[in-house]
Amino acid sequence: NYSDYREEHTEIQQRKIIVPPKKQWTEYATKQWLIEYGFPIPKSKMIFYKDKDEITDYGWGLNFPVVLKGQSIDASHKTDYGLVKTNIYSQNDLREKLINMWEIFDAQFSPERVEGILIEEQVQKGVEVIIGAKWDPLYGPALVFGSGGIFVEILNDIQVSKVPLNI
């Protein structure tokens, strides 16, 4: 229920949110920014590319199932590159899919353009959406909202509105 969420998260609405200037963010960078402002985000662990060969433990205290999401500013549509793996239910499966994803990065991406792999507890209920912001040369600041995940490309169900918005 939106009104329950709104009451529960009033402090978020009352804070002035500062967005650092950056042309494009990875999902991990975006989620770190959202956490800083109190938005609820699924529990996760980031494995940075520079640390990939030093991993010995695959538990990290996350609950299965988990999802893997490759993080590179050159892969905004991660599924096109095989950089999303869902429904991972065991440490062995996690290890195998991590190795596979590192191989994809090594074969298709320049190392300096790879941030790493985000391992996240898989959300079982809800609706996936895309939310973004951009600068429109005609209208100024604008908000992007629509169906998320693979549906961004398949349905092209995205709306762009100038801000501020009235709900």
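Through how many residues does a hairpin join strand 5 to strand 6? Three residues make that link. The model on screen is predicted.

**Stop 1: the whole protein**

Show everything as a cartoon. The secondary structure consists of five helices and seven strands. Followed along the sequence, these elements come in the pattern α-α-α-β-β-β-α-β-β-β-α-β. Of the 167 residues in the protein, 32% are buried.

Among contacts in the protein with a separation of 6 or more, 52% are between residues 24 or more positions apart.

**Stop 2: the hairpin**

Select residues 129-136, which are strand 5, and residues 140-147, which are strand 6. The two strands run antiparallel and are joined by eight bridges.

**Stop 3**

The three strands form an open sheet in the order 5-6-7, with antiparallel pairing. On average, neighbouring strands here are turned by 20 degrees against each other, direction ignored.

Zoom in on the contact between strand 6 and strand 7, where five bridges hold an antiparallel pairing. Val-144 has Val-160 in strand 7 as its bridge partner.

**Stop 4: salt bridges**

Side chains of opposite charge can pair when their charged atoms come close. The structure holds eight salt bridges, and three of them are visited here.

Begin with Lys-78 and Glu-27, whose side chains meet at 3.1 Å, N to O. This pair links distant parts of the chain, 51 residues apart: Lys-78 lies in the loop between strand 2 (66-72) and strand 3 (84-88), while Glu-27 belongs to helix 3 (residues 27-36). Are Lys-78 and Glu-27 buried or exposed? Both are buried.

Next select Lys-69 and Glu-120, which form a salt bridge with their closest N and O atoms 3.1 Å apart. Here Lys-69 sits in strand 2 and Glu-120 in strand 4 (residues 114-121), again linking distant parts of the chain, 51 residues apart. Lys-69 has a relative accessible area of 14%, so it counts as buried. Glu-120 is buried too, with a relative accessible area of 3%.

Then move to Arg-113 and Asp-74, where the N to O distance is 2.7 Å. Arg-113 is in the loop between helix 4 (91-108) and strand 4, and Asp-74 is in the loop between strand 2 and strand 3; the two are 39 residues apart. Arg-113 is partly exposed because its relative accessibility is 35%. Asp-74, at a relative accessible area of 32%, is partly exposed as well.

**Stop 5: the network**

Finally, select Glu-27, Lys-31, Lys-69, Lys-78 and Glu-120 together. Salt bridges that share partners join these residues into one network.

Note on methods: Residues numbered from 1 in each chain as written. Predicted model: local features only at pLDDT ≥ 70, side-chain atom pairs only at ≥ 80, totals over all residues. Heavy atoms only, no water. Pairing = 2+ DSSP bridges. Helix = DSSP H or I, 4+ residues; strand = E, 2+ residues; numbered from the N terminus. Buried < 20%, exposed > 50% of the residue type's maximum accessible area, 1.4 Å probe, protein only. Contact = heavy atoms within 4.5 Å. Axes fitted to C-alpha atoms, helices over the stretch in contact; angles between N-to-C directions. Salt bridge = Lys/Arg side-chain N within 4 Å of Asp/Glu carboxyl O.
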